[in-house]
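The model is shown here.

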Amino acid sequence: KVVAVIMVGGPTKGTRFRPLSFNTPKPLFPLAGQPMIHHPISACKKIPNLAQIFLIGFYEERDFALYVSSISNELKVPVRYLKEDKPHGSAGGLYYFRNLIMEELPSHIFLLNCDVCCNFPLPEMLVAHRRYGGMGTLLVIKVSAESANQFGELVADPVTKELLHYTEKPETFVSDLINCGVYVFTPEIFSAIQDVSLDREDRATLPHFSSFEALQLATRSLPTDFVRLDQDILSPLAGKKKLYTYETMDFWEQIKTPAMSLKCSALYLDQFRHTTAHLLASGDGTKNATIVGDVYIHPSAKVHSTAKIGPNVSISANVRVAAGARLISCIILDDVEIKENAVVMHAIVGWKSSIGKWSRVQAEGDYNSKLGITILGEAVTVEDEIVVINSIVLPNKTLNVSVQEEIIL
Ligand code: GDD
């Protein structure tokens, strides 16, 4: 049997995702109309002999209750949310629930970060992992040398694929091969994590500092049960014939900011075209709106037949889009109203917001710059004939003048 664990983190972790993380946990934010974690969860369905999926985090249980029960029914695989009493780090969280995870005596454990967007080649990783015969296999990808330092950089043996060297977010360039945050482990991972915390306990009680004083000070300040997968496990075990790599040639992105969620929504919509095309809107019927490229429209949304939507648009539940509206590259969250002839382009429009007639909410669509997309928080009202460009508007604001390059607090 195999189990999968998705690390969802908690409310203190999603700060770069503001203002969208104010009222929805980041892992439940919709990408291509489905909660962020829905994409890795449905990829898990392809793992042979999958017994259970666990979500581990420190969000309140009730935040996930509804989603967990509906997805369990849909996939016919039990999905459980396990709440940590406090953050234990990416490996500590796994270790904290080791008894529950090992209940069905799985031979392998998949571990996935919730905030990555890729096609999760999990069955392929498992095959490679079995062939390598190590304790763990990491999904890795080549990125540009300039962007590599935002991730764990690593060196792998070109022939055996063994992980030879690993440095988390290094200050000086090591390698353009990076850690994707998707792993498969044998249960030996639990003893590796235990060794780290036992070692910490020993250090904390040692009377004298030995040679590596600085290192000790750094580790001493962490609680013994707080273990990071990257720094505390991957770095020390690199080059010990325990860890191997599986390189993906497909798409991969990390979702730390709202702008990246818009980019990832596009990637998942494109993937739907190949996997679950029925989820995409089509403009075939005569009374339907004009659809351009990949678009998701929730069945409860009402879109006027003269509106033009797409590409990369995702429209959530109970949204109303009036006559003549034009939507390009945007995520429209639940209960939004977009009035006649409004234009929304490179933007995320928060729950219950309303955009007035002939208004424009737009940006130039640079996913890497802070104001590269426009974001309206929850319940923002943009009055008629107002233009909002490259701006972030916090919840509950009413805009009756046009703004550009501003953060409206
Ligand atoms: N349950 C739980 N408890 N989850 C946690 C905790 C915790 O205490 N701390 C982090 N996580 C989750 C996050 O939600 C995320 O899904 C994952 O663990 C990794 O988060 P971080 O430890 O903050 O690392 P990161 O996202 O900055 O970088 C990691 O992922 C990159 C790929 O996206 C590193 O492993 C990098 O090397 C890697 O490139």
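## Basis

Helices (H or I, at least four residues) and strands (E, at least two) are DSSP runs, numbered from the N terminus. The model is predicted: local features need pLDDT of at least 70, side-chain atom pairs count only at pLDDT 80 or more, and totals for chains, interfaces and linings use all residues. Residues are numbered from 1 along each chain as its sequence is written, and side-chain values use heavy atoms, with hydrogens and water left out.

## Helix 5

Helix 5 covers residues 122-132. Its buried residues are Leu-122, Met-125, Leu-126, Ala-128, His-129 and Tyr-132. Buried means under 20% relative accessible area, exposed over 50%, and partly exposed in between (1.4 Å probe, protein chains only). Down the helix 5 axis, the buried residues fall within an arc of 165°, so they line one face. The arc is that of the directions from the helix axis to the C-beta atoms. Val-127 and Arg-131 are exposed on the other side.

The cover over the buried residues of helix 5 includes strand 6 (108-113), strand 8 (136-142) and strand 11 (177-185). Just after the helix, Gly-133 has a positive phi of about 75°.

## Helix 2

Helix 2 spans residues 61-75. The expected span is 1.5 Å times one less than the number of residues. A kink of about 25° is centred on Tyr-67. The bend at a residue is the angle between axes fitted to the seven residues ending there and the seven starting there.

Phe-64, Tyr-67, Val-68, Ile-71, Ser-72 and Leu-75 are buried in helix 2. They pack against elements including strand 1 (2-9), helix 1 (38-44) and strand 4 (50-57). Contact means heavy atoms within 4.5 Å.

## Nonpolar cores

A nonpolar core is a set of buried Ala, Val, Leu, Ile, Met, Phe, Trp, Tyr and Cys residues joined through side-chain atoms within 4.5 Å. The largest has 66 residues; Ile-37, Ile-41, Ile-53, Leu-55, Phe-110 and Leu-122 touch the most other members. Helix 9 (residues 258-275) gives the largest share, six residues. Apart from this core lies another of 36 residues, including Val-5 and Phe-190.

## Glu-340

Glu-340 sits in the loop between strand 21 (337-338) and strand 22 (343-349). Its relative accessible area is 33%, so Glu-340 is partly exposed. Leaving out residues up to four places away in sequence, Glu-340 touches Ala-322, Ala-323, Lys-357 and Trp-358.
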